[in-house]
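Visitor: I have a structure open and would like to go through a few parts of it. Can we start with the terms?

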Amino acid sequence: MKRHIAALLDTSPTPQLDADCILQWILHCDKTQLLLRRNEPLTATQEAAAQEAAATRRTGFPIAYITGSKAFFGNDFYVTPAVLIPKPDTELLVEQTIVAVRAVQAARPQEKIAVCDMCVGSGCVGISVLRALGGGISLTLVDVSEDALQVARTNVRRLLAPDVQDDVQFVQSDLFAHVPQTFLVIAANPPYVPHTQARELLRDGRREPLLALDGDVAESGGWSGTEDGLALIRRLVPQAYTHLADGGMVLVETGEYNARQAAAYFAQAGLKDIRIEKDLCGQLRNVIGRK
């Protein structure tokens, strides 16, 4: 069964993995159950669905968009082409945000800690943080895209208990333009890929949203004219400083090629104790600062 599907994925760089994902999706089972069912023939309907999924995958369309699901930080997040597919390196941002929230909680044990997930996409960062902490925070999820916020709303309903969902609010906004409150922790995974490089990345058919990749977007929504991937971060950092309570922390994921310059913007905004953390591949990735 798996060998047959994998053969249909000869142009994929990971045909065996793709076949597993397609079959788990079609058969509604996990990896262990799939292994136990490896000799089970597909029905005609299942075979047709597998053929269609394989044909779509051969165009470069990601498996996560085909199945509508991506594993991240121990949870399965609903994803559509309206949002970036969560990447393993972003789990580091979740881990460090959890550490930041716990540090603030230790200093303010009687408070519910206000946390903002800016440029939220699927909601994978903020929701993962809230699940890991089990409550004790109020979470604001912000994105300029209403389609992205709809995906995040679905993930909140799927992954958070009803009483915890009450601690989550959604705001459609260009960065902090429509966000009046301040926060003790702000985490952001904004677009940070240089303008031309972002367009080149999408030539392989992956169809992730350019809006969530291109870091050289001006406030008007058009190209800023820069090619460093930092146009949005240049606006984000001073706004984050303004919306950060004293003693609060801001954490921003950025590229290995522009992390040092992003850190310089942290310093210009007035943030202190600035450091750059490396990702799983040893590349500079997350910039962290304190007010």
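Guide: First a definition: two strands pair if DSSP finds at least two bridges between them. Also note that this is a predicted model.

Visitor: OK. Which strands form a hairpin, and how many residues are between them?

Guide: β8 and β9 form it, with 5 residues between them. Gly-282 sits in the turn and has a positive phi of about 80°.

Visitor: How many bridges hold β8 to β9, and is the pairing parallel or antiparallel?

Guide: Strand β8 (residues 272–278) pairs with β9 over 5 bridges, in the antiparallel sense. One of the pairs is Lys-278 with Leu-284 in β9.

Visitor: What about β7 and β9, how many bridges there?

Guide: 5 bridges join β7 (residues 244–253) to β9, and these two strands run antiparallel. Val-252 stands opposite Val-287 in β9.

Visitor: Is β9 mostly covered or mostly open?

Guide: Mostly covered: of the 7 residues in β9 (residues 284–290), 6 are buried.

Visitor: What is the strand order in the whole sheet?

Guide: The sheet is open, has 7 strands and mixed pairing, and its order is β5-β4-β3-β6-β7-β9-β8. β5 and β8 are at the edges with a single partner strand each, so one side of each has no neighbour in the sheet. On average, neighbouring strands are turned by 15° against each other, direction ignored.

Visitor: Which strands does α7 touch?

Guide: α7 packs on the sheet and touches β3 (113–118), β4, β5 and β6 (183–188). The direction of α7 makes about 170° with that of β4. Helix α11 (residues 231–242) also packs on the sheet, touching β3, β6 and β7, and its direction makes about 155° with that of β7.

Visitor: Switching to α8. What span does it reach?

Guide: Helix α8 (residues 146–159) has 14 residues and reaches 20 Å from first C-alpha to last, close to the expected 20 Å.

Visitor: What caps its N-terminal end?

Guide: Ser-145 does, with a side-chain oxygen 3.3 Å from the backbone nitrogen of Asp-147.

Visitor: And which residues of α8 are buried?

Guide: Among them are Leu-149, Val-151, Asn-155 and Leu-159. What covers the buried residues of α8 includes α7 (124–133), β4 (137–143) and β5 (168–172).

Visitor: Last topic. How many disulfides does the structure hold?

Guide: The count is 0.

Conventions
Residues numbered from 1 in each chain as written. Predicted model: local features only at pLDDT ≥ 70, side-chain atom pairs only at ≥ 80, totals over all residues. Heavy atoms only, no water. Helix = DSSP H or I, 4+ residues; strand = E, 2+ residues; numbered from the N terminus. Expected span 1.5 Å × (residues − 1). Buried < 20%, exposed > 50% of the residue type's maximum accessible area, 1.4 Å probe, protein only. Contact = heavy atoms within 4.5 Å. Polar contact = N/O pair within 3.5 Å; in protein donor to acceptor, adjacent residues only side chain to side chain. Disulfide = S-S within 2.5 Å. Axes fitted to C-alpha atoms, helices over the stretch in contact; angles between N-to-C directions.
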